[in-house]
Amino acid sequence: MPAKKYMTWAAVAFVAFYVINQPDGAAQSVESAANGIASAAGSLATFVNALA
């Protein structure tokens, strides 16, 4: 599917452009995403521990 391939390349180009032009904003976005994943993992661990 060519459209999917073009969309993938467009997304990669956008990310590269964002990282080059806004490195602080890109780092903050990655940090926020990592914090969200860590929070979700902590909540899941608490839930599983409560089952035992």
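Helix α1 covers residues 2-21, and its 20 residues reach 28 Å from the first C-alpha to the last. That's close to the 28 Å expected at 1.5 Å a residue. Keep in mind that this is a predicted model. How many of the 20 residues of α1 are buried? The number is zero, so α1 lies largely in the open.

Now for the neighbour. The axes of α1 and helix α2 (residues 23-51) come within 5 Å and cross at roughly 115°. On the α1 side, the contact is made by Y18, V19, I20 and N21, while α2 brings in P23, G25, A26 and S29. Sort the residues of this contact by type and you get five nonpolar, three polar and no charged.

Next, the rings. The count comes to one aromatic pair. Its members are F14 and Y18, with ring centres 6.4 Å apart and planes at 10°. Planes under 30 degrees apart count as stacked, so this pair is stacked. Both residues lie in α1, four residues apart, which is about one turn of the helix.

| Residue | Relative accessible area | Class |
|---|---|---|
| F14 | 55% | exposed |
| Y18 | 31% | partly exposed |

Why does F14 get the label exposed? Its relative accessible area is 55%, and exposed means over 50%. Y18, at 31%, is partly exposed.

Technical notes. Residues numbered from 1 in each chain as written. Predicted model: local features only at pLDDT ≥ 70, side-chain atom pairs only at ≥ 80, totals over all residues. Heavy atoms only, no water. Helix = DSSP H or I, 4+ residues; strand = E, 2+ residues; numbered from the N terminus. Expected span 1.5 Å × (residues − 1). Buried < 20%, exposed > 50% of the residue type's maximum accessible area, 1.4 Å probe, protein only. Axes fitted to C-alpha atoms, helices over the stretch in contact; angles between N-to-C directions. Contact = heavy atoms within 4.5 Å. Nonpolar A, V, L, I, M, F, W, Y, C, P; charged D, E, K, R; others polar. Phe/Tyr/Trp six-rings, centres within 6.5 Å; stacked < 30°, edge-to-face > 60°.
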